[in-house]
Amino acid sequence: MKFAKDFLFGAASASYQIEGAWNEDGKGETNWDVFSKIPGKTYKGTNGDVAIDHYHRYKEDIKLMAEMGLESYRFSISWARILPTGDGEVNEKGLEFYNQVINECLKYGIVPFVTLYHWDLPLTLEEDGGWTNKRTADAFVKYAEVCFKAFGDRVKHWITFNETVMFCGLGYLKGAHPPGIQNDEKKYFQATHYVFYAHAKAVEIYKQLEQYGEIGITHVFLPAYSVDDKKENILAARHANEYETFWYYDPILKGEYPSYVVQQLKENGWTPSWTKEELDTLKRNAENNDFIGLNYYQPIRVEKNQEAVSSMEHSRETSTLAPGNPSFDGFYRTVKMTDKTYTKWGWEISPQGFLDGLHMLKERYGDIKMYVTENGLGDEDPIIDGEIVDVPRIKYIEEHLKVIKRAIKEGIHLKGYYAWSVIDLLSWLNGYKKQYGFIYVDHDDNLNRKKKLSFHWYKHIIETRGEE
Ligand code: BGP
């Protein structure tokens, strides 16, 4: 069996992780520009000031993507390049940069798949309460509209947000992402609510503009299994699915929050302040979503945790707890199993987990169109005689593609696959140590690009449409 002609083979990146040029051409400062420079926050203090200098090398990078035969490129726009203060004046140079990137993709027939928010928030908004302040949601809607109007004639695939659970969870519960707050459930749920509201408003505006493209949201997908048959752990797995998955997809696809979690929020005093207008906006726009994006890296195996888990005790060397080991104090925590396979960073490798999870989604949400918007292996790639021989990455992607093929056969509506990442880039907390790309970037030699073994392999997969 082959993948259908209209199944998009792509790869992804995000602005902060590749662009650099952090203070060039009128770009405003972002939360990450500041957070990554706080001592101890990132691996060896790495930050995105230069990143892999894609801002100046986008032509070279997109040319390499074309050479690989990439059909679609998922990248994000840096909000602060477009609106340096979040909701003030538009920066023409910012528009110009993304116009060039989009046009360069189109020149090679590469479909641009654009994420509006991949975590870099204009600093002015962060300083004003970030996602816990409705101003940020309103500002996002304005920013989204600017982008639709500027790029919508050529961009026909839009993702509003990338992984709300990550930037809110790591930002307000674990303190590992900006704004660096720990254990504040009230703020965490409030922030997620304003994100969903901002998403729904942006979707509504997109539909009103009649640009005839598609729009959706991407979440990290962490299907949960119980570690064993104990009742309390089965309940913990239910909690994990409710908190990590249903809380994120229900307000988008059903237009309302999962009642089970809503009840628990009430009991714990964590209910966000939400107005009727906001809740109505979610409801009204549920049908307007064209697809959902899934970033799948791993399932989670959970057990009940009675006591609060201390905030992330993560090691900077391997960052084993960030962001792959979800837990929610009092409800569940992720456990490492001796009989499972893990990456060097402790993320379980389980294509089967994806297949099981996809069926769970289908059961709950029906036949919604889906894209795998991220999937890949973080590794320290072996270099043999100057060649980057990333065989484990090839194996990882190959096994996941196999399962995706099977899922399609079993009736799951999957229309594309985006490997994370197209090129080696800055890992938020792990610097350049954790590599994901098909293209290597030499940080000791002028950031020169070099094709890895997986580059040739993925090219072949695309050419043959994954025929076995
Ligand atoms: C996802 C993010 C990406 C990327 C990826 C790998 O959660 O959307 O931006 O960072 O995870 O994460 P890491 O670099 O921490 O391994």
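Guide: In this predicted model, helix H10 runs over residues 231–253 and bends by about 50 degrees at Phe246. Of the 23 residues of H10, 18 are buried, so the helix is largely enclosed by the rest of the structure. Just after H10 comes Gly255, whose phi is positive, at about 75 degrees.

Most residues other than glycine have a negative phi, and most peptide bonds are trans. Ala21, with phi near 45 degrees, has a positive value in a residue other than glycine. Ala21 belongs to the loop between H1 and H2, and its relative accessible area of 5% makes it buried. Tyr212 likewise has a positive phi, of about 55 degrees, although it is not a glycine. Tyr212 sits in the loop between H9 and strand S5 (214–221), and at 69% relative accessibility it counts as exposed.

The bond from Pro178 to Pro179 is cis, with omega near 5 degrees; Pro179 lies in the loop between helix H8 (164–172) and helix H9 (185–208). The bond from Trp420 to Ser421 is cis as well, with omega near 5 degrees. Ser421 is placed in the loop between strand S14 (414–420) and strand S15 (439–442).

A polar atom of the Lys27 side chain lies 2.9 Å from the backbone oxygen of Trp22. Thr30 is found in the loop between H1 and H2 too, and it is buried, with a relative accessible area of 1%. Thr30 and Ala80 are 50 residues apart in sequence, yet their C-alpha atoms are 6.7 Å apart in space.

Another buried threonine is Thr373, at 0% relative accessibility. Thr373 has its place in strand S11 (residues 370–374), and its side chain is joined to that of Asn295 by a polar contact of 2.7 Å.

The ligand comes next. It is surrounded by 16 residues, of which the closest are Gln17, Glu163, Ser427, Lys434 and Tyr436. By class, this shell has seven nonpolar, six polar and three charged residues. The protein covers 97% of the 380 Å² of accessible area that the ligand has on its own.

Charged pairs complete the picture. Side chains of opposite charge can pair when their charged atoms come close. A search of the whole structure finds 38 salt bridges. One of them joins Glu67 and Lys451, with the closest N and O atoms 2.5 Å apart. This pair links distant parts of the chain, since Glu67 is in helix H3 (residues 54–68) and Lys451 is in strand S16 (residues 448–451), 384 residues apart. Glu67 is partly exposed, with a relative accessible area of 37%, and Lys451 at 29% relative accessibility counts as partly exposed.

Arg135 forms a salt bridge with Asp87, the closest N and O atoms being 3.1 Å apart. Arg135 lies in helix H7 (residues 134–151) and Asp87 in the loop between helix H4 (79–82) and helix H5 (92–107), so the pair ties together parts that are 48 residues apart in sequence. Arg135 is partly exposed, with a relative accessible area of 30%, and Asp87 is partly exposed at 28%.

Asp153 and Arg154 also meet through their side chains in a salt bridge, at 3.0 Å from N to O. Asp153 is exposed, with a relative accessible area of 55%. Finally, salt bridges link Asp381, Asp390, Arg393, Asp424 and Lys452 in a network.

How values were computed. Residues numbered from 1 in each chain as written. Predicted model: local features only at pLDDT ≥ 70, side-chain atom pairs only at ≥ 80, totals over all residues. Heavy atoms only, no water. Near = heavy atom within 4 Å. Areas by Shrake-Rupley, 256 points an atom, 1.4 Å probe, with all protein chains shown as cover. Nonpolar A, V, L, I, M, F, W, Y, C, P; charged D, E, K, R; others polar. Bend = angle between axes of the 7 residues up to and from the residue. Helix = DSSP H or I, 4+ residues; strand = E, 2+ residues; numbered from the N terminus. Buried < 20%, exposed > 50% of the residue type's maximum accessible area, 1.4 Å probe, protein only. Salt bridge = Lys/Arg side-chain N within 4 Å of Asp/Glu carboxyl O. Polar contact = N/O pair within 3.5 Å; in protein donor to acceptor, adjacent residues only side chain to side chain.
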